Amino acid sequence: MDEKVLDSGSLNEKKLIELAHEARKRAYTPYSHFQVGAALVTKQGKVYLGCNIENASYTPSNCAERTAFFKAVSEGEREFAAIAVVGGAEGTEGKETCSPCGVCRQVMREFCAPEEFRILLEDGKGGILNYSLAELLPLGFGPENLAR
Ligand code: THU
């Protein structure tokens, strides 16, 4: 966790999870009925929310995490501290652990330092799991692998 961001003022782990739950309310999921919300915080403390957005043609569907990242990057953000992710079937509270898919982990890898960037999840028991990106995407392939 970037302590500067998440321990200062009103923004902490719990608040970021709460914001992810807010984002989840806007999930568009007529096909899977599985709703995901994400709250992505920049190193400056600005939060971008995302939800999953599905499509009748299925493959254009976008995960909540990537919605949040693409919103942020398209607004000029490049430096991120953490993301909270919550999810669950429609009609549930989304308090079980919902871990980011592999594609979203790879998108995080593009913009985030694996040892620094934090991923916050519900632990299913009222607490919060806090992983580094390196833990969830070990030995990942990133931009520096292409640098020469
Ligand atoms: N989904 C996410 O939004 N994020 C994840 O980390 C896992 C899966 C979405 C994609 C799809 O809309 C639905 O959940 C079921 O896979």
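Analyst: Start with a cut-off: a residue is near a molecule if one of its heavy atoms lies within 4 Å of it. Keep in mind that this is a predicted model.

User: Which residues are around the ligand?

Analyst: The residues around the ligand are S32, F34, V36, N52, E54, C63, A64, E65, S99, P100 and C101. Each has a heavy atom within 4 Å of the ligand, so each counts as near. By class, this shell has six nonpolar, three polar and two charged residues. Both β1 (34-42) and α3 (64-74) supply at least two residues of the shell.

User: Why is H21 called buried?

Analyst: Buried means under 20% relative accessible area. H21 has 15%, so H21 is buried. H21 lies in helix α2 (residues 13-24). Not counting residues up to four places away in sequence, H21 touches V86, E93, G94, K95 and E122.

User: Why does S132 count as buried?

Analyst: The relative accessible area of S132 is 4%, and the limit is 20%, so S132 is buried. S132 belongs to strand β5 (residues 128-132). Beyond its neighbours within four places in sequence, S132 is in contact with P114, E115, F117 and R118.

User: Is D123 buried or partly exposed, and why?

Analyst: D123 has 22% relative accessibility. Buried would need a value under 20%, and exposed a value over 50%. The value lies in between, so D123 is partly exposed. D123 is found in the loop between β4 and β5.

User: What does the side chain of D123 reach?

Analyst: The side chain of D123 reaches the backbone nitrogen of K125 at 2.6 Å. It also reaches the backbone nitrogen of G126 at 3.2 Å. Leaving aside neighbours within four places, D123 is in contact with T97, I128 and L129.

User: Why is E79 called partly exposed?

Analyst: E79 has 48% relative accessibility. Exposed means over 50%, and buried under 20%, so E79 is partly exposed. E79 sits in the loop between α3 and β3. Its contacts, leaving aside neighbours within four places in sequence, are T42 and K43.

User: What makes L139 exposed?

Analyst: The relative accessibility of L139 is 90%, over the 50% limit, so L139 counts as exposed. L139 is found in the segment after α5. L139 has a positive phi of about 55 degrees although it is not a glycine.

User: And what makes H33 partly exposed?

Analyst: H33 has a relative accessible area of 37%. That lies between the 20% and 50% limits, so H33 is partly exposed. H33 lies in the loop between α2 and β1. Its phi is near 55 degrees, a positive value in a residue other than glycine.

User: What makes a set of residues a nonpolar core?

Analyst: The residues must be buried, of nonpolar types such as Leu or Phe, and joined through side-chain atoms within 4.5 Å. The largest such core here has 23 residues. Among those with the most contacts inside it are L40, F69 and F117. The largest share of this core, five residues, comes from α3. A second, separate core of 14 residues includes L11, A20, L49 and L120. In soluble globular proteins, nonpolar side chains tend to be buried together.

Technical notes
Residues are numbered from 1 along each chain as its sequence is written. This is a predicted model: local features need pLDDT of at least 70, side-chain atom pairs count only at pLDDT 80 or more; totals for chains, interfaces and linings use all residues. Side-chain values use heavy atoms; hydrogens and water are left out. Helices (H or I, at least four residues) and strands (E, at least two) are DSSP runs, numbered from the N terminus. Ala, Val, Leu, Ile, Met, Phe, Trp, Tyr, Cys and Pro count as nonpolar, Asp, Glu, Lys and Arg as charged, and the others, Gly among them, as polar. Buried means under 20% relative accessible area, exposed over 50%, partly exposed in between (1.4 Å probe, protein chains only). Contact means heavy atoms within 4.5 Å. A polar contact is a pair of N or O atoms within 3.5 Å; within protein, one must be able to donate a hydrogen and the other to accept it, and residues adjacent in sequence count only if both atoms are side-chain atoms.
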